[in-house]
Amino acid sequence: MPYRDLREFLALLEKKGLLARVKAEVDPSWEINGVCKKLIDEGGPAVIFEKVKGHKVPVLANLIGTLERLALALEMPADDRKITEEWIKRTEHPIPPKIVKAGPCKENIVMGDKVDLNAIFPPVIWHKGDGGPYIGTLGLQVTKDPEQGWQNVGVYRQMVRTKNETGLYMPVPQHGGIHLQKWARMYPGKPMPVAVAIGTEPCYLATGTAKLRHPPGEEEYAGALRKEPLELVRCETCDLYVPATSEIVLEGEVYPDELKPDGPFGEYTGHQGEAQMFNVFRLKAITHRNNPIFHGEREGYPSESIYLWLKGMEYVLYPKVMKLPGVVDVHIPRHSCGFKAIVSMKKLWPGHVNEVIHAIWGDIDLGHFFRYVIVVDDNIDIRDPDRVGWAVSNYVQPDRDIMIAPRCIIDGLDPSMPYSKRFTTAKWGVDATMPTEEYEAEGTQAPPLCDDPDIKARVVAQWQKYGIKL
Ligand SMILES: Cc1cc2nc3c(=O)[nH]c(=O)nc-3n(C[C@H](O)[C@H](O)[C@H](O)COP(=O)(O)O)c2cc1C
Ligand SMILES: [Mn+2]
């Protein structure tokens, strides 16, 4: 049975001992940052800060901070690769949402001049150098394609500026950014409606961070993931639909041409980003449940985004690359921050590895995130960084095995370039497969591995005999 709302998922985590409640008062200007950093570094539980200094609303963080909790959120086995495969299987058949007339997110409706972000959101400074409190680190921004009518959901951050104004980092080619670009062309000078759902059931959250193909919108993929339609309710001030059980919903609008300085912010790469000119979200209404929970996250590396948006990239890349001949697995590891993809494959012809590298560099949905691709042989477990490091160390001749493609596009938060050169990058691909063809060309054989899996299996089968506790 899917979770009806965030609270049902929290109840399960609590029952399993995977949710901590902090009853001591915490200071939102630094303490939530510090506790979250320690929890994510040590694989700790999800956490609710019940008593935030000077505020009534509790803060939920580190919700999907481990693979175990991602699996529970999606109701899947806790196995990294199986989660990717199960996601792909389930989302092959999107399930349209059910539109309902009312829902818990309408228990309180605040409109017009009465709206006040400071009354709902504790002013959490997620990283020491942030330019202000961010409410939307895990807010789900809903927009409608102005031409085709389907709704997109993406996670785009929002810094609080005043009681009814936030920043919004929703650039092109993110789907919300494309909607805004189309809107500007079709309705010059007019603001585009944007709704934000905060604190939703976890499948909707997971689809909001994934780079999916449209139409349909994320809400239909979320229905497929949870195997039941998601219930959506109409906004009060515009024709957008949000999950009926959301903790908090913000309704507002964005003028495409209005930009203001936003940030700095602790980026997913682990660096304190600089302030930049971003869009502005003008709030028109807030609706929320009784006793709402504010769900956010500390984003600087490492963070739970790894289990949300990096997995979200993997779900999209995996089926495409797995269709290429010889490929046996595709993975985007946590330490890559999304800049690196790893492939294991059986090479079938000379130059085959390089073709696979080009296919990933050129992927139309995600290519602009990858600066780096590593390819290893099919006997390497690419979800184990030790095995990948071993292959690179043993097999790579830099002048033979490293390919460089100049003048490509990359995400603007890539810290490997100074600010003036952001968005451009060279890309590198590393062929870390055993160079069997080189040995064969000189009439010899590549050295075989000295491990024998049969011998290990025989020993494991009679392990008790040795009296060694592991
Ligand atoms: C915690 C968190 C914060 C994020 N912040 C942003 C952001 O501020 N701007 C952005 O463009 N993408 C951000 N992302 C990544 C997008 O959510 C992700 O690329 C998603 O696919 C966007 O939705 P779309 O594919 O419908 O464009 C964030 C992801 C996470 C998990
Ligand atoms: Mn999308």
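Modeller: In this predicted model, the second largest pocket holds about 390 Å³ of space. A pocket is an open set of points on a 1 Å grid over the protein atoms alone, with protein on both sides within 12 Å along at least five of seven lines; lining residues have an atom within 4 Å of a point. The volume is that filled by probe spheres on the points, which are joined across faces, edges and corners. Of the 19 lining residues, those closest to the centre of this pocket are Lys347, Trp349, Val353, Thr436 and Glu437. Three helices, α10 (352-361), α12 (398-401) and α13 (436-441), each contribute at least two residues to the lining. Helices are DSSP runs of H or I of at least four residues, strands are runs of E of at least two, and both are numbered from the N terminus. The lining of this second pocket comprises 9 charged, 6 nonpolar and 4 polar residues. Here Asp, Glu, Lys and Arg are charged, Ala, Val, Leu, Ile, Met, Phe, Trp, Tyr, Cys and Pro are nonpolar, and the others, Gly among them, are polar.

The largest pocket has a volume of about 980 Å³. It is lined by 48 residues, and Val155, Tyr156, Tyr169, Pro171 and Gln174 are the closest of them to its centre. Two or more lining residues come from each of β7 (151-155), α6 (175-186), β15 (276-288) and α9 (305-322); α9 gives the most, with 5 residues. Its lining divides into 25 nonpolar, 16 polar and 7 charged residues. At least three residues of this lining come from domain 1 and at least three from domain 2.

The domain assignment of the protein chain places domain 1 at 80-295 and domain 2 at 324-453, with bounds that come from an automatic or database assignment. Taken over C-alpha atoms, the centres of domain 1 and domain 2 are 35 Å apart. Even so, 14 residues of domain 1 are in contact with 14 residues of domain 2, where contact means heavy atoms within 4.5 Å. About 1300 Å² is buried between domain 1 and domain 2, and carbon and sulfur atoms give 56% of that area. On the side of domain 1, Arg81, Lys211 and Tyr268 lose the most area to domain 2, together 38% of what that side buries. Buried area is the accessible area (1.4 Å probe) that two parts lose on being put together, summed over both.

Between domain 1 and domain 2 there are 3 salt bridges, each a side-chain nitrogen of Lys or Arg within 4 Å of a carboxyl oxygen of Asp or Glu. Arg81 takes part in a salt bridge with Asp329, and the closest N and O atoms are 3.4 Å apart.

The whole structure contains 3 cavities of 30 Å³ or more; a cavity is a set of points where a 1.4 Å probe fits but cannot get out.

The peptide bond from Tyr301 to Pro302 is cis, with omega near -10 degrees, and Pro302 lies in the loop between β16 (294-295) and α9. Another cis peptide bond joins His214 and Pro215, with omega about -15 degrees. Pro215 belongs to the loop between α7 (202-208) and α8 (218-226). In the loop between β15 and β16 one finds Asn291, whose phi is near 45 degrees, a positive value in a residue other than glycine.

Residues are numbered from 1 along each chain as its sequence is written, with chains lettered from A and ligands numbered from 1 in the order in which they are written. Local features need pLDDT of at least 70 and side-chain atom pairs 80 or more, while totals for chains, interfaces and linings use all residues; side-chain values use heavy atoms, without hydrogens and water.
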